[in-house]
Amino acid sequence: MKSLLVIGGLGLLGNRLVQKARASGKFSVDYTYHTGASWHPGPGHLLDVADLESASRLVRELKPEAVINTAAFHVVDACETDPAKARLINVDASLNLATSCEKIGAQYLFMSTDYVFDGKKRGKYKPEDEPNPESVYAESKSTAEGELLGMDADNLVARTSVIYGWHPVKKNFVTWLLGELRARKPVKIVDDQYNGPTLADNAAEVLLRLVELEKTGLWHVTGNDCLSRFEFALKAAQVFGLDDTLISPVKTADLRQAAARPMNGCLDVSRTEHETGVKLLNSEHGLMVMKKQEEEGKTN
Ligand SMILES: NC(=O)c1ccc[n+]([C@@H]2O[C@H](COP(=O)([O-])OP(=O)(O)OC[C@H]3O[C@@H](n4cnc5c(N)ncnc54)[C@H](OP(=O)(O)O)[C@@H]3O)[C@@H](O)[C@H]2O)c1
């Protein structure tokens with residue numbers, strides 16, 4: 001059994017990692033949480049990754065064989081006005097955890113984003129394509145990627161995108177959308193940003209497999225799809241049997257957001273699927289899994 005520490009274990013992805021790792025019987029799992037969450041899947045460790053000494057101490061004391069860091073400052077527009085915080089949480093705190101892992105010979109996995117690309121490529125981005133971040137958030141993730149992959153250590157960077165799925169308390173794009181549609185509220189969704197939306201359960205499964213296989217380097221871990229957010233919203237409405245006429249398209253430029261978003265954030269996941277043996281689901285399949293989970297009452 002491999003010992004695993006999940007940083008940010010109450011988050012959307014972190015929660016799925018903790019649950020799936022425990023259920024697999026292949027991992028003994030510790031996790032950290034940050035702000036005073038009202039629910040817990042068992043006892044965790046309170047940690048602010050920006051407290052570098054406490055983070056190092058925790059790794060030293062627990063001596064996990066692998067650490068998956070899901071914590072981030074990822075409010076993309078807020079990063080534009082607080083670049084120092086983006087640097088601290090997304091770069092410095094991550095490098096600190098990686099160094100702590102290196103000292104005890106643990107694997108370190110860092111979560112990055114499709115936003116490291118400028119979105120100007122036609123077709124899906126491959127891991128070896130050159131990043132060109134266009135926002136503070138993306139720049140911080142890209143900097144962390146470069147530093148982590150340049151270290152002489154067992155680091156792994158996994159880029160993901162538009163994570164969705166059930167969560168005990170946190171809303172994400174799909175759970176928010178379902179709430180609005182069920183309340184019969186009209187919504188406007190961008191139709192010029194393309195991604196491969198990622199079911200949290202599916203990403204967790206792939207990440208745990210990468211840990212098991214002791215992989216290092218750069219991996220794309222997204223849904224195997226490439227569709228606009230508007231198309232994704234329509235699909236969600238259809239899968240859940242809701243009124244898709246409530247959804248209308250809007251252009252990114254009309255939203256006047258502080259941070260730039262890549263219009264194409266679609267990532268090629270073929271190597272990830274091939275080497276892990278886990279299928280990365282397309283949007284329809286992922287949404288159908290979510291619908292089934294709801295029918296079975298498994299929304300926590
Ligand atoms: N969600 C997406 O669509 C998406 C897309 C691309 C990449 N990613 C990346 O994937 C990773 C996981 O995303 P997610 O959607 O699962 O995020 P999430 O739900 O917000 O989970 C992140 C967790 O990290 C914790 N955290 C935040 N700041 C922290 C700090 N200073 N110290 C310790 N813990 C802290 C948060 O706790 P509190 O809430 O208590 O602060 C939260 O539980 C992130 O690295 C993100 O950048 C996400």
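Predicted model: local features only at pLDDT ≥ 70, side-chain atom pairs only at ≥ 80, totals over all residues.
Trainee: Which residues of α8 are buried?
Mentor: A residue is buried if 20 or more other C-beta atoms lie within 10 Å of its own, exposed if 12 or fewer, and partly exposed in between, with C-beta atoms placed from the backbone. In α8 (residues 229–239), the buried ones are Arg229, Phe230, Phe232, Ala233, Lys235, Ala236 and Ala237.

Trainee: What covers these buried residues of α8?
Mentor: Look for contacts: two residues are in contact if their C-beta atoms, placed from the backbone, lie within 7 Å. The cover includes α6 (173–182), β8 (187–190), β12 (227–228), β13 (247–250) and α11 (283–295).

Trainee: In what order do the strands of the open sheet stand?
Mentor: Strands of a sheet pair through backbone hydrogen bonds, either parallel or antiparallel. Two strands count as paired if DSSP finds at least two bridges between them. Here seven strands form an open sheet in the order β3-β2-β1-β4-β5-β6-β11, with parallel pairing. The edges are β3 (45–46) and β11 (217–220); each has a single partner strand, so one side of each is left without a neighbour in the sheet.

Trainee: How many bridges join β1 to β4?
Mentor: Four bridges join β1 (residues 2–7) to β4 (residues 66–69), and the two run parallel. Val6 stands opposite Ile68 in β4. Ile7 has Asn69 of β4 as its bridge partner. On to β5: β4 pairs with it over four bridges, again in the parallel sense. There, Asn69 has Phe110 as its bridge partner.

Trainee: Which way do the residues of β4 point?
Mentor: Ala66 and Ile68 point one way, Val67 and Asn69 the other, and all are buried.

Trainee: Which residues touch the most other members of the largest nonpolar core?
Mentor: In soluble globular proteins, nonpolar side chains tend to be buried together. A nonpolar core is a set of buried Ala, Val, Leu, Ile, Met, Phe, Trp, Tyr and Cys residues joined through C-beta atoms within 7 Å. The largest one here has 85 residues, and Val67, Leu97 and Leu207 touch the most other members. Helix α7 (residues 200–212) gives the largest share of this core, eight residues. Take Val67: leaving aside neighbours within four places in sequence, its contacts include Leu5, Ile7, Leu97 and Tyr108.

Trainee: How many residues surround the ligand, and which are the closest?
Mentor: A residue is near a molecule if its C-beta atom, placed from the backbone, lies within 6 Å of it. 24 residues surround the ligand, and the closest are Gly8, Gly11, Leu13, His34 and Ala72. Helix α1 supplies the largest share of the shell, three residues.

Methods:
Residues numbered from 1 in each chain as written.
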